[in-house]
Each structure stands twice: as structure tokens, then as C-alpha cells.
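Visitor: I have a structure to look at and some questions about it. Can you walk me through it?

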Amino acid sequence: MKKTATTQAPVNEVIANRWSGRAYDASKAVSNEQIISLCEAARWAPSCFGDEPWRFIVWNKNTDLASWQKAFDCLVPGNQEWVKDAPVLLLTCADTLFGHNQKPNRWAQYDTGAAAENLCLQAEDLGLMAHQMGGFNVDAARDAFSIPEQFTLMAMVAVGYAADIKTVTGEALNRETAARKRKPLSELFFDSVWNKPI
Ligand SMILES: Cc1cc2nc3c(=O)[nH]c(=O)nc-3n(C[C@H](O)[C@H](O)[C@H](O)COP(=O)(O)O)c2cc1C
């Protein structure tokens, strides 16, 4: 299912077509080549001081079910409801310290978000669907995967092939069928001065 954005101005079709769907095809694996391509896209994100503060853990249900399950168990029930069919899960983390001087990096989360969006757009371009999630137990994930305190756990991401919407049930189905919407450009983008709509 496609849910192309209705945009106020023309944008690249990969941007318009990327969306956070919840119907995944459990029968279709994501290849290792595709996973590496997703990582490569994230790798080429820009970052403050070229620090590349992001770290990603990738879990592939088809090659290591036990680890995928351990990651899945960290998700909140509302996400587990639909993530169960996604063959790949990722966790994005941000280094709180700059590599070159070990001082606090206040742009690390910004950069990690950019890397994550690169990955989501690459997924769309590969015919996959990526869906980011803040709904997971941070402490449980840190414990389960021995993630050092220096790193802030940001979001998990489900990746796989989209399935027919009929595979989604409950509350997720309502969200799945709702129209995609955004605030108008004029509310968030300003012309020269604060709050003057572009
Ligand atoms: C950091 C972040 C956390 C999110 N957390 C969740 C989540 O826990 N569960 C969920 O279903 N969607 C989650 N989403 C998806 C958003 O709801 C979705 O991106 C937003 O509604 C816009 O829809 P679109 O991505 O289809 O354009 C999250 C997205 C981001 C970027």
C-alpha cells in the first residue's frame, strides 16, 4: 500500500512515498545486501565535526531469531502488536561525547536523527518500509544489549516489505487507514523573522 504525501510543493518522490506503515509481510526476508545498503545510507549522513556519533544495532529475524526476539521484547505492547511481522529491527543510539575531545556533543541526537532518516529513505528506495519507534523500554534494551551509559538510546526501527493492510488489526488498523497529514508550511517555516509565515 502506498500513502504518498499530498505536498504543498513538489518534492523528491522517495521523500513523498516514505511512510510509517504497520503492515509487514512476515514471509519476505530482507537480504543482508539490503541491510548493508541501509547502513551505508545512514553512514553518509552529515554530522557535527564529522564525528559520526550514531551507533546502530541491527537484528535480523531470519538469521538470529533469539536476538531479534530479545529486541522485540523491549518494545511497548502497542508496537509489538504490529512489529511482530517485521523481519528486521534496529536500535539507533547517539554518543553523548565527541570522539576528538570527549566533551559533550549537543548535536549527537540531531546527527543520529539525520542518519536514521537517511536509512528510512534508502529503505523506501529499495522497496522496503521503515518505521521508527520511540515506544520501547530504554533500560531493558540497554541491559539486554550491554549498551554503555555514554550512549543515549534514541529510537528503534522496524524494516521489512509492506504487506496488505488486512494483516493489521485493532487500534493499529485505525492509524493505518488514517490520512497522512502535516501542519501547513506557514505554521512552521518563517520568513526572515520568527513567526512570520513563509
Ligand atoms: C522518533 C520517532 C518515534 C516514533 N515512535 C513511534 C512509536 O513508538 N510507534 C509508532 O507506531 N510510530 C512511531 N513513530 C512514527 C510516527 O508516528 C510517524 O512518523 C508520524 O506519525 C508521521 O507519519 P509518517 O512517518 O507516515 O509520515 C515515531 C516516529 C519517530 C520519528
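**The ligand and the cores**

Visitor: How far does a polar side-chain atom of serine 20 lie from an oxygen atom of the ligand?
Guide: Keep in mind that this is a predicted model. Ser20 is listed among the closest residues around the ligand. Its polar side-chain atom and an oxygen atom of the ligand are separated by 2.5 Å.

Visitor: How much of the ligand does the protein bury?
Guide: Start with the ligand taken alone, which exposes 630 Å².

Visitor: Which element gives the most to the shell around the ligand?
Guide: Two elements give two or more residues to this shell: helix 4 (77-83) and strand 3 (129-133). The top contribution is 3 residues, and it comes from strand 3.

Visitor: How many charged residues does the shell around the ligand have?
Guide: In total, 14 residues surround the ligand. By class, 3 are nonpolar and 6 are polar. The charged residues number 5.

Visitor: Which element gives the most to the largest nonpolar core?
Guide: This core has 24 residues, and Val83, Leu89 and Met156 have the most contacts inside it. Helix 3 (65-72), helix 4, strand 2 (88-95), strand 3 and strand 4 (151-160) each supply at least two of its residues. With 4 residues, the top giver is strand 4.

Visitor: Which residues is valine 83 in contact with, leaving aside its neighbours within four places in sequence?
Guide: Val83 is one of the residues with the most contacts inside the largest nonpolar core. Set its sequence neighbours within four places aside. The contacts are then Trp68, Phe72, Leu75, Leu89, Met133 and Ala158.

How values were computed. Residues numbered from 1 in each chain as written. Predicted model: local features only at pLDDT ≥ 70, side-chain atom pairs only at ≥ 80, totals over all residues. Heavy atoms only, no water. Near = heavy atom within 4 Å. Polar contact = N/O pair within 3.5 Å; in protein donor to acceptor, adjacent residues only side chain to side chain. Areas by Shrake-Rupley, 256 points an atom, 1.4 Å probe, with all protein chains shown as cover. Nonpolar A, V, L, I, M, F, W, Y, C, P; charged D, E, K, R; others polar. Core = buried A, V, L, I, M, F, W, Y, C linked by side-chain atoms within 4.5 Å. Buried < 20%, exposed > 50% of the residue type's maximum accessible area, 1.4 Å probe, protein only. Contact = heavy atoms within 4.5 Å.
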